[in-house]
Amino acid sequence: MERQINPYLAFDDRKFIVIGAPLIAFLIPVIFFGMDLSAYLSTFPTKYPQSLAFCITFWLLNRETMLRFRRHYDAFASTGRRMAVQFLFVLIMVPVVSVLLSMLLQAVFVVCRIESPYQPKLYQALAATYFLTLLIWAIYESIYFFHMYREAIREKDRIQMNHIQGQLDNLRNQINPHFLFNSLNTLMSLIPTDTASAMSYLSKLSKFYRYTVSNQEETLVPLREELENVGLYVELLQERFKEGIDVSVQIPSYTEADVLPLCLQLLIENAVKHNIVSSKRPLCVDITLEDDGQYIQVANNKQLKIREVSSTGMGLRNIQERVAFFSELPVLIMDEQNQFSVAIPLIYKPVAHERAHH
């Protein structure tokens, strides 16, 4: 069974520890304590276990410290703060643990009646321990940073792909055969009986599609422009359903915010798709601001069609993923007995946000 890699570690370090710890433990006395290699080998059975104990202890201690700090400072933006706090912690930890570990090893030597190996000077021991700590830190952090960088690129690519898919979904939803067919049917019925209304309807339909196509490349649009397009879309629907649909927009005119393009129209379209729309049972859609203007909500009364309409849920998922790129606030979906609503976070510029709260 394949071992699951800790996401805060980014790689399986078992072989790294098994090979690296004994090797570094062997080299440290020679490099930092100035021990002659032949003299070191002659006293190897007593000196090497002490060096290995130090190496393994600080290796595992540093590893656990890094994991805990990475869990606490999880965001990539907090990397600098995490490194600074971790550095201060290590700076204090190394001499304290070194003293405690030395005392423990000396006690073991006394109990086991083993001749105590050569004890290096304090500055030599601290230099060796700090070197070991920084070496382990540098290796683990380099691997982890590369992993985070690679994941950030993948996430960026995923968001871009979702955005492109969202554009295609919007275009498909807006210029779909059913809506176009129904719109043309409505237009054809108006031409023989009311030429003026037919020309007005054609003008609205043209403006609606022009807005739809022109905003395919936009990530955000001003709320007032989106509401103007919603107004066109509602008028087209009302020409078709007459008294069967009632859309109420209760948004203050001074609300200066941005919103995902075509998202409100998509939510109204979903309401029409899944519910009965008739003069006897009108579909009522309310568009309002919620939570002190943080959200714009589209709510409709539930009167589901007897024949269930198939749905993949791609539209709502796409809105949720696109919103996550611009706001930390989630999309709120409420499916109650008599009402269905979706609240989408509004994106305020700093000045506009202040004005909205005043």
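These legends walk through several close-up views of a predicted model.

**Figure 1. The whole protein, before we zoom in.**
Let's start with the big picture of this predicted model. The protein has eleven helices and seven strands. Of its 358 residues, 38% are buried. Its exposed surface comes to about 21100 Å², and carbon and sulfur atoms supply 62% of that area. Now take the contacts between residues at least 6 apart in sequence: 75% of them join residues at least 24 apart. As for disulfides, the count is zero.

**Figure 2. Two cysteines, Cys 263 and Cys 284.**
Here we look at two cysteines in a structure that holds zero disulfides. Are they buried or exposed? Cys 263 has a relative accessible area of 2%, so it counts as buried. Cys 284 has a relative accessible area of 31%, so this one is partly exposed.

**Figure 3. An open sheet of five strands.**
In which order do the strands of this sheet line up? Reading across, you get β2-β4-β5-β7-β6, and the sheet is open with mixed pairing. At the edges sit β2 (245-250) and β6 (332-335), each of which pairs on one side only. From one strand to the next, the twist averages 10°.

**Figure 4**

**Figure 4. The hairpin made by β6 and β7.**
Now zoom in on β6 and β7, a hairpin with three residues between its strands. The two strands run antiparallel, and four bridges join β6 to β7 (residues 339-345). Which residues face each other here? Met 334 stands opposite Ser 341 in β7. Asp 335 has its bridge partner in β7 too, namely Phe 340.

**Figure 5. Gln 303 and its surroundings.**
Gln 303 sits in the loop between β5 and α10 (314-326). Its relative accessibility is 7%, so Gln 303 counts as buried even though it is in a loop. What does the side chain of Gln 303 reach? At 3.3 Å you'll find the backbone oxygen of Pro 282. A polar contact, also given as 3.3 Å, joins the side chains of Gln 303 and Asn 301. Setting aside neighbours within four places in sequence, Gln 303 is in contact with Asn 275, Ile 276, Arg 281, Pro 282 and Leu 283.

How far is Thr 212 from Pro 261? Along the sequence they are 49 residues apart, and in space their C-alpha atoms are 8.5 Å apart.

**Figure 6. Thr 57 in helix α3.**
This threonine, Thr 57, is found in helix α3 (residues 44-72). With a relative accessibility of 30%, Thr 57 is partly exposed. A polar atom of the Thr 57 side chain lies 2.7 Å from the backbone oxygen of Ala 53. Thr 57 and Ala 21 are 36 residues apart in sequence, with 9.7 Å from C-alpha to C-alpha.

Lys 242 is found in the loop between α8 and β2. Its phi is positive, about 55°, although Lys 242 is not a glycine. Asp 292, in the loop between β4 and β5, is not a glycine either and has a positive phi of about 55°. How exposed are they? Lys 242 is partly exposed, at 45% relative accessible area. For Asp 292 the value is 68%, which is over the 50% cut-off, so Asp 292 counts as exposed.

Note on methods. Residues numbered from 1 in each chain as written. Predicted model: local features only at pLDDT ≥ 70, side-chain atom pairs only at ≥ 80, totals over all residues. Heavy atoms only, no water. Disulfide = S-S within 2.5 Å. Buried < 20%, exposed > 50% of the residue type's maximum accessible area, 1.4 Å probe, protein only. Pairing = 2+ DSSP bridges. Axes fitted to C-alpha atoms, helices over the stretch in contact; angles between N-to-C directions. Polar contact = N/O pair within 3.5 Å; in protein donor to acceptor, adjacent residues only side chain to side chain. Contact = heavy atoms within 4.5 Å. Areas by Shrake-Rupley, 256 points an atom, 1.4 Å probe, with all protein chains shown as cover.
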